[in-house]
Amino acid sequence: MSALGGKVAVVTGASRGIGRAVAEALEGAGALVVRLARSATDERPLEGLRRTGGHDRRVELRCDVTVERDVARAAETLLATVGPPDILVNNAGTFLLKPLVETTGEEFLRQIDVNLLGAFLVLRAFVPAMVERDGHVVTIGSIADHVGFPGNAAYAASKFGVRGLHETLKAEYAGRGLRTTLVSPGPTDTSLWDPIDPDRQHDLPNRAAMLQPSDVADAVLFAVTRSRRANIDLIRVMPI
Ligand SMILES: NC(=O)c1ccc[n+]([C@@H]2O[C@H](COP(=O)([O-])OP(=O)(O)OC[C@H]3O[C@@H](n4cnc5c(N)ncnc54)[C@H](OP(=O)(O)O)[C@@H]3O)[C@@H](O)[C@H]2O)c1
């Protein structure tokens, strides 16, 4: 049987970039992956799918992680059909690059909203049911969850916060079977960089020198395919 055969995974922000690569890697290992994103089509409902045998289908659910009723609907749909996820990858996020004093309160709150509140709402909706499955929560942080960079005031505040969520989850569920992993990637070549165009800016990494989304997906796959005895707490992935 494949490494994740019979497992159900939920990946937020799975319509492109790192989330899509993670979804593909988990599917490749045999999991039935439910991809959440605002642009998801909801075309293929979960009804009729079972934990096993359903993983050949791509399943999407439309969900804005900042909207509590969207997140609740996604969790209810899953629980009523395939049951609690075994793996949750909290990945959805956006990136604002702006000096601290130029960042408006609205921009700051928007980063917190998507990257931190969104991750929190998703945890609250899914984690209680995952405990009975000895589930695994993977949080996609960033190098900016532990290092301060110029222009990262709002982003770093959200990502340091996400690391706090990971640490809290780990402490609250210690000894109860839930595994928790924080994956903190360095710069990765995704559409997140499109509005910034880093190749035209001397103080930013060149896109060709960045990680690929599959490099981050490899780290996630490694964490979720260890033996039941082992919890991988933290993976930091940087370009060489
Ligand atoms: N790229 C990097 O250099 C890098 C480095 C370290 C960490 N990260 C982190 O990796 C994660 C993914 O980033 P990425 O580079 O793959 O970015 P991306 O290519 O821009 O993809 C972002 C994903 O998040 C989804 N999303 C955005 N807002 C959402 C919302 N409110 N609700 C639900 N889904 C939402 C998007 O889908 P829709 O637009 O369809 O909703 C998309 O699937 C983020 O948490 C980011 O902070 C990225």
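**A guided tour, beginning at the ligand**

Select helix H1 to begin: H1 contributes three residues to the shell around the ligand, the largest share. Please bear in mind throughout that this is a predicted model.

Next, display the ligand together with its surroundings. The shell holds 30 residues, and those that come nearest to the ligand are Gly13, Gly17, Arg38, Ser39 and Gly93. Two elements give two or more residues to this shell: helix H1, spanning 17-28, and helix H3, spanning 105-131.

What is the division into nonpolar, polar and charged residues around the ligand? Twelve are nonpolar, 15 are polar and three are charged.

The secondary structure consists of five helices and seven strands. Traced along the sequence, these elements follow the order β-α-β-β-α-β-α-β-α-β-α-β. The protein is as compact as a globular protein of its length, because its radius of gyration, 17 Å, is close to the 18 Å that the globule rule gives for 240 residues.

Along its principal axes the trace spans about 50 × 35 × 35 Å.

Finally, consider the interior. Of the 240 residues, 41% count as buried.

Technical notes. Residues numbered from 1 in each chain as written. Predicted model: local features only at pLDDT ≥ 70, side-chain atom pairs only at ≥ 80, totals over all residues. Near = placed C-beta within 6 Å. Helix = DSSP H or I, 4+ residues; strand = E, 2+ residues; numbered from the N terminus. Nonpolar A, V, L, I, M, F, W, Y, C, P; charged D, E, K, R; others polar. Rg over C-alpha atoms; globule rule 2.2 N^0.38 Å. Buried ≥ 20, exposed ≤ 12 C-beta atoms within 10 Å, placed from the backbone.
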